[in-house]
Amino acid sequence: MNILIKNIRQLLQVRDTPVQKVSGREMKNLPVIENAYLYIENNTIADYGKMEDLPETKANEIINAAGKVVMPAWCDSHTHIVYAGNREQEFVDRINGLSYEEIANRGGGILNSAKKLEETPEDDLYRQSAKRLEEVIAMGTGAIEIKSGYGLSTDAELKMLRVIRRLQTNYDIPIKATFLGAHAIPANYRNDRKGYIDLLINEMIPAIAEKGLAEYVDVFCEKGYFTTEETERILEAGKAFGLVPKIHVNQFHAIGGIQTGIKHNALSVDHLEVMRDEDIEALKGSKTMPVALPSCSYFLSIPYTPARKMIDAGLPLALATDYNPGSTPSGNMNFVVATACIKMKITPEEAINAATVNGAYAMGLSDTHGSITRGKEANLIITRDIPGYAFLPYAFGNNHIDTVLIRGKVVTP
Ligand SMILES: N=CN[C@@H](CCC(=O)O)C(=O)O
Ligand SMILES: [Zn+2]
């Protein structure tokens with residue numbers, strides 16, 4: 001199937017020469033073609049340019065995008081969408097004054113989700129997760145990472161990762177699987193944290209690697225969860241089995257997790273709500289992508305990642321949802337981009353770069369996704385009629401998406 005999209009008001013993120021990521025001042029540059037066409041051959045972007053240069057094509061279908069913006073689909077590099085049920089009650093408890101930490105200390109939080117997941121049959125877990133995946137695709141997500149971490153036993157972690165594998169098989173968007181067995185110490189190991197870490201290292205990681213169920217290894221490096229020393233042990237074990245680190249750090253406390261991640265060549269360090277100057281310094285010149293999760297800050301009323309300061313210091317930045325039942329029950333990348341502009345004071349150009357090309361980098365997908373480049377997969381958003389791309393974060397909370405294409409196929413009604 002060949003599709004011609006014509007009369008595009010603005011074609012965004014056009015990179016003839018693909019870039020791996022954009023950093024610092026480069027993030028202000030969002031390459032745009034006004035009054036453009038885009039030609040898709042089979043699943044990939046074959047050609048694009050200005051309407052006045054439109055060549056003859058063999059299109060089977062023509063989409064008239066007059067007044068609309070066309071751009072690469074969002075690249076959401078941090079989610080936990082495989083989970084069972086919800087944590088509505090904790091939401092109400094927080095409104096009534098309990099903190100996220102207090103709820104976790106009472107056996108709520110991650111352990112609450114682990115209990116629900118254990119009780120949920122695998123097919124049911126798959127159905128719940130597939131529904132979330134379809135919802136986020138309809139909101140413009142065209143590449144996604146999904147973590148385990150609500151299992152906290154070998155069987156339940158494998159169950160989560162098998163669900164991710166089924167999603168990979170049944171859906172056309174790239175899905176990257178991350179093993180997050182080190183999300184919390186489960187209740188049955190409360191008095192034996194070393195025992196749980198040994199289980200992660202000696203049983204879970206080898207089993208997962210043997211079945212090829214994950215590409216990345218993650219740890220929640222945070223006070224009350226895993227120390228930097230424990231994080232190092234787990235990352236080393238994962239690396240020995242070919243898993244690449246991608247870790248949760250600096251959500252509530254800065255305990256040196258960023259330095260640990262960089263030392264182990266983490267592909268990304270995610271959350272970063274609490275950043276010291278030395279953490280920003282450590283990231284300079286590294287290959288590790290800092291990832292901000294503004295919907296989490298919004299939902300938990302915790303600080304926002306100091307994105308402005310980080311970009312001004314020359315760092316790259318990616319934006320992701322963190323979609324999960326506890327800290328961010330939302331997978332809407334449009335809201336993430338708007339919130340980053342509004343609360344973190346980054347420009348629409350910076351936010352769109354962070355949510356496309358840099359998000360792709362944080363999933364190892366820079367060569368195939370995240371920009372309008374010949375040969376890349378045609379995972380695209382076509383907006384409704386809007387005055388220009390800055391309208392997307394400006395008119396926040398409204399749905400501006402008309403059509404989503406995945407591998408050149410229209411997936412929205
Ligand atoms: N911070 C750690 N993990 C998730 C939240 C987990 C939960 O509350 O279920 C996060 O990224 O925000
Ligand atoms: Zn997370």
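Just after helix α12, Lys345 takes a positive phi of about 60°. Helices (H or I, at least four residues) and strands (E, at least two) are DSSP runs, numbered from the N terminus. The model is predicted: local features need pLDDT of at least 70, side-chain atom pairs count only at pLDDT 80 or more, and totals for chains, interfaces and linings use all residues. Residues are numbered from 1 along each chain as its sequence is written, while chains are lettered from A and ligands numbered from 1 in the order in which they are written.

Helix α12 spans residues 333-344. Of its 12 residues, 9 are buried, so the helix is largely enclosed by the rest of the structure. A residue is buried if 20 or more other C-beta atoms lie within 10 Å of its own, exposed if 12 or fewer, and partly exposed in between, with C-beta atoms placed from the backbone. Val337, Ala340 and Met344 are among the buried residues of α12.

Strand β9 (residues 216-221) is also largely enclosed, because 6 of its 6 residues are buried. Both faces are covered. Tyr216, Asp218 and Phe220 are buried on one side, and Val217, Val219 and Cys221 on the other. Strand β8 (residues 175-182) pairs with β9 in the parallel sense over 3 bridges; pairing requires that DSSP finds at least two bridges between two strands. Ala182 stands opposite Val219 in β9. From β8 the chain crosses through helix α6 (residues 193-211) to β9, in a right-handed β-α-β crossover. Right-handed means that, with the strands pointing away from the viewer, the path from the first strand over the helix to the second runs clockwise. β9 also pairs with strand β10 (residues 244-249) in the parallel sense, over 4 bridges. Here Tyr216 has Val244 of β10 as its bridge partner. β9, helix α7 (residues 228-240) and β10 form a right-handed β-α-β unit.

The largest nonpolar core has 126 residues. Such a core is a set of buried Ala, Val, Leu, Ile, Met, Phe, Trp, Tyr and Cys residues joined through C-beta atoms within 7 Å. Leu38, Val70, Leu319, Val337, Ala340 and Ala355 touch the most other members. This core lies between domain 1 (2-73 + 370-410) and domain 2 (75-361), because both give residues to it. Domain bounds come from an automatic or database domain assignment. Leaving out residues up to four places away in sequence, Leu38 touches Ile5, Ile8, Leu11, Ile45, Tyr48, Val70 and Ile372.

How values were computed
Two residues are in contact if their C-beta atoms, placed from the backbone, lie within 7 Å.
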